[in-house]
Amino acid sequence: MGTRHDRRRNKNVGGARYGGIMVKAKTVYMCAECGNTFPKWAGQCRVCGEWGTLQEFHEPSGKGSAFGSGSTLGGGAGRAPAPIVPELPAQAITEVDVDSADASGSGIGELDRVLGGGIVPGAVILLAGEPGIGKSTLLLEVASRFAARGEKPALYITGEESVSQVRLRGERIAASESNLLLAGENDLARVLGQVQAVEPGLLILDSVQTISSANVEGAAGGVSQVRAVTSGIIQEAKTRNMPVLLVGHVTKSGGIAGPRVLEHLVDVVCYFEGERHSSLRMLRSVKNRYGPTDEVGCFQIGEAGITELPDPSGLFLSETAEPVPGTCVTVTLEGHRPMPTEIQALVAPGGPSPRRTTVGMDGARTAMILAVLQARMRVDLRSCDVYVSTVGGARTSEPAVDLAVALAVLSAAWNREPVSRMVAFGEVGLTGEVRGAVGVQRRLQEAARLGFQTAIVPQKGSAELRVPEGMQVYPVTTIAEAAGISLPRRETAD
């Protein structure tokens, strides 16, 4: 048993020693949405305004610590830190080499379309999606095609499955290249050690929420762990000029699990979407520092893996030969890609509280269109159940589909078949007018290519349109005009 001085000297509870200097663990609270830290807990983040997002974590801090503010390891309080000579001096922007930042193709055209031409060296790409949607299968295919080039190996780090399970999936989708290396790790230091030993040209981490750092407190997937792991991976990627693909989990609401700072740190954020009972998958980018954020890639998943769909036209159309009441075809724009989509509506007798159900569309916008039809077109839907859905699991939210939704509901309510081989697009206002839409020329060209012969378009901007050969275009200003053209009255026998 030592003296009181010895016990006080050896006491090191709640802190750590760096070079003989005591570093205490400082408790702060980080917002899971915006990543800002606060000294005290509060119910609402003062920066982003979200409620219940502040989480506790510990960071090393203290007097005389390199992590503290206003002090250094070598001097007293208040002394400015000694300057550090940079490894690379600042350059004029005209002298910076841009060849090293050129994107290279991944071998999958639909992925390159979404990324803006390919994968940029040193880029960190986050791919998020629901469990079982096909994220790991897609990235394993990317790794296999990269490894097939024979330049540098592709390193696939799995933190959820065993390497044997990944190999079985690779054999099933014919992604078994000798230059594709697998490793199962859950520690950041071991992951970086694998990178240092292999020196890969492409790193895939599946998934970022399963990796933890021993230097940070908290369980894997927490605020501090995800921030530390992502920062370490990004630093390694930028240092080695090595592209990294990260797999991210999503929550029940569809957002990326973990702190929102994860999306701020990475260069590209993509969502892999699709219905579980459909083979169609769509890849969307919501953040891209190297390209557009409005492009969409189409894939089809099957037993042999994922197949890209360069021409998905026709997937969202029904197979009926003749027009049926309650249907109308529109052409949506997914980035620069026009995609014909069929809208189906059903109006059925309801009870005191009629139902309004939508599938693949914005429910609030559909309810607004129903209110416009009731107020401007005198269509009584107060005691009717209304169901509106897209065909083939398509999802659309752009205002240009409003006119097709309105015509489909009118067709169902009046029990009239629409004009054969017809498309319609345009935004519907609260007064019943049809507003202009972007990309009308591209929509018309795609509709004509698929054999549609009639198009109802907004009056605004129609004078500059180049009407495709064999197509009749009707510019309209109101829903009533569009209904008169697309839903003619049936001729009754005398």
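# Cavities, a pocket and strands

Trainee: How many nonpolar, polar and charged residues are in the lining of the second largest cavity?
Mentor: Ala, Val, Leu, Ile, Met, Phe, Trp, Tyr, Cys and Pro count as nonpolar, Asp, Glu, Lys and Arg as charged, and the others, Gly among them, as polar. This lining has no polar and no charged residues. Its nonpolar count is 9.

Trainee: What kind of model is this?
Mentor: Residues are numbered from 1 along each chain as its sequence is written, and side-chain values use heavy atoms, leaving out hydrogens and water. Local features need pLDDT of at least 70, side-chain atom pairs count only at pLDDT 80 or more, and totals for chains, interfaces and linings use all residues; the model is predicted.

Trainee: What volume does the second largest cavity have?
Mentor: On a 1 Å grid over the protein atoms alone, a cavity is a set of points where a 1.4 Å probe fits but cannot get out; a pocket is an open set with protein on both sides within 12 Å along at least five of seven lines; lining residues have an atom within 4 Å of a point. Points are joined across faces, edges and corners, and a volume is the space filled by probe spheres set on them. Here the volume is about 60 Å³.

Trainee: Which elements give two or more residues to the lining of the second largest cavity?
Mentor: Helices (H or I, at least four residues) and strands (E, at least two) are DSSP runs, numbered from the N terminus. The lining residues include Leu-111, Leu-115, Ile-125, Leu-127, Leu-138 and Leu-139. The elements are helix H2 (109–115), strand E5 (124–129) and helix H3 (135–147).

Trainee: Which strand gives the largest share of the lining of the largest cavity?
Mentor: This cavity holds about 90 Å³ of space. By class, its lining has 2 nonpolar, 4 polar and 4 charged residues, with Glu-273, Glu-275, Arg-284 and Arg-395 among the lining residues. The largest share, 3 residues, comes from strand E11 (residues 280–288).

Trainee: Which strand gives the most to the lining of the second largest pocket?
Mentor: The pocket holds about 330 Å³ of space. Of its 18 lining residues, Thr-320, Val-329, Glu-342, Arg-421 and Phe-452 lie nearest its centre. The most, 3 residues, comes from strand E14 (residues 327–334).

Trainee: Why is E14 largely enclosed by the rest of the structure?
Mentor: Buried means under 20% relative accessible area, exposed over 50%, partly exposed in between (1.4 Å probe, protein chains only). Thr-327, Val-329, Val-331 and Leu-333 point one way, Cys-328, Thr-330, Thr-332 and Glu-334 the other, and all are buried. E14 is largely enclosed because its buried count is 8 of the 8 residues.

Trainee: What is the bridge partner of Leu-333 in E15?
Mentor: Two strands pair if DSSP finds at least two bridges between them. E14 and strand E15 (residues 337–349) run antiparallel, joined by 8 bridges. Their hairpin has 2 residues between the strands, and Gly-335 takes a positive phi near 75° there. In E15, Leu-333 has as its bridge partner Pro-338.

Trainee: Which are the edge strands of the open sheet of 9 strands?
Mentor: The order is E7-E6-E8-E9-E5-E10-E11-E12-E13, with mixed pairing. An edge strand pairs on one side only: here strand E7 (180–184) and strand E13 (305–308).

Trainee: In E8, what is the bridge partner of Ile-157?
Mentor: Strand E6 (residues 154–158) and strand E8 (residues 202–206) pair in the parallel sense over 5 bridges. In E8, the partner of Ile-157 is Leu-205.
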